[in-house]
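Reader: Could you take me through a structure feature by feature, giving the general idea of each before the case at hand?

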Amino acid sequence: MNRILILGGSGFIGNALYKELAPFFDVHATFKTDHARFEKNKHFHQFDYDLEPLDILLNNLKPKFIVTALRGNVTSLVRLHFELSKYIEKNDCKLIFLSSANVFDRFTNYPSYEYDKTLSESSYGRFKIKIENELLRKPSAKYVICRIPMIYGARSPRVHEIKALLNLNKAIDVFPNVVINATHINKLVQQLHYIINRRRRGVFHLGSNDLIHHIDLVKDICLQLGHPQPLLKQIFDSNQDRYLAVLPKDNMLPKHLQLYVEEVVKSSVLI
């Protein structure tokens, strides 16, 4: 049985992934705080990784795939992932770790590809690298590392924030010298569906195939939302262009699962 466990199924990514996978697999997910809708769903399990051991849940469900989409206390998350690392080593299952473009945030002169060396100057990036390195010691059949850039989409937190600031006529923070790629939530969960279904392995960069300056992406999204002249607060953290982009090269997905920035922009409104 292809049972999937999504740790963090009540969050933005985890819940979108649950909705994508549930019609096709036996999908279970966790939520942390009391929530009537999740409590009624027998496939959702209340779990607080700060307070509870994970082994009871794993031994009861015996998932073939474990997706970690958790946020929160870094120390607790590192401990949990190291527990998962031991679990997948001893059991017939695979861990899908949702990592970040920030594992490369020390490299500012060029975009990064799947098997480039990671190096980060941010605590968030170093946290992701620590977990990645633990998984990379395992056989490749035991894990998938998905590095994800900024996520947009009509219901995404980033677009909600942009809409709120536009409605209040307040400035939106933009980084004119930062070159990025991006994705949107609908495409991301389709990509993860494919990776699970085809039992792919290794490291994947799940972002657009093209690049854009952050300020231009925000301007284009605002235009798509009907605001051609948004109020912007430009933040310069360097005098030169710096890259924070994860491009696919070695582990390419099929063409229908690849995307470009234009699609990310269009995703900011409901179709």
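Reader: How many aromatic pairs does a search of the whole structure find?

Author: A pair of aromatic rings is described by the distance of the centres and the angle of the planes. Rings of Phe, Tyr and Trp (its six-membered ring) pair if their centres lie within 6.5 Å, and planes under 30 degrees apart count as stacked, over 60 as edge-to-face and the rest as tilted. The search finds five such pairs in the whole structure. One of them joins phenylalanine 31 and phenylalanine 38, a tilted pair with 5.6 Å from centre to centre and 35° between the planes. In phenylalanine 107 and tyrosine 110 the ring centres are 6.2 Å apart and the planes are at 25°, so this pair is stacked. The model is a predicted one, in which local features need pLDDT of at least 70 and side-chain atom pairs count only at pLDDT 80 or more, whereas totals for chains, interfaces and linings use all residues. Residues are numbered from 1 along each chain as its sequence is written, and side-chain values use heavy atoms, with hydrogens and water left out.

Reader: Which residues form one aromatic cluster, and are phenylalanine 31 and phenylalanine 38 buried or exposed?

Author: The cluster consists of Tyr18, Phe31, Phe38 and Phe44. Buried means under 20% relative accessible area, exposed over 50%, and partly exposed in between (1.4 Å probe, protein chains only). Phenylalanine 31 and phenylalanine 38 are both buried, while tyrosine 110, with a relative accessible area of 42%, is partly exposed.

Reader: Where does a charge sit over a ring?

Author: The criterion is that NZ of Lys or CZ of Arg is within 6 Å of the ring centre and within 35 degrees of the ring normal. Lysine 32 lies over the face of tyrosine 49, 5.5 Å from the ring centre, and the charged end of arginine 158 sits over the ring of tyrosine 152, at 5.9 Å from its centre.

Reader: What span does helix α6 reach, and which of its residues are buried?

Author: Helices (H or I, at least four residues) and strands (E, at least two) are DSSP runs, numbered from the N terminus, and the expected span of a helix is 1.5 Å times one less than its number of residues. Helix α6 (residues 157-168) has twelve residues and reaches 17 Å from its first C-alpha to its last, close to the expected 16 Å. Its buried residues include Val159, Ile162, Leu165 and Leu166. These cover an arc of only 125° around the axis, which means that they lie on the same side of α6; the arc is that of the directions from the helix axis to the C-beta atoms. On the face turned away from this buried side are the exposed residues Glu161, Asn167 and Leu168.

Reader: What covers the buried residues of α6?

Author: Contact means heavy atoms within 4.5 Å, and the cover includes β7 (150-152), β8 (172-174) and α8 (214-224). After α6 comes asparagine 169, whose phi is positive, near 55°.

Reader: Which residues does histidine 193 contact beyond its neighbours in sequence?

Author: Histidine 193 is found in helix α7 (residues 185-197) and is buried, with a relative accessible area of 13%. Leaving aside neighbours within four places in sequence, histidine 193 is in contact with Glu20, Leu21, Phe24 and Phe25.
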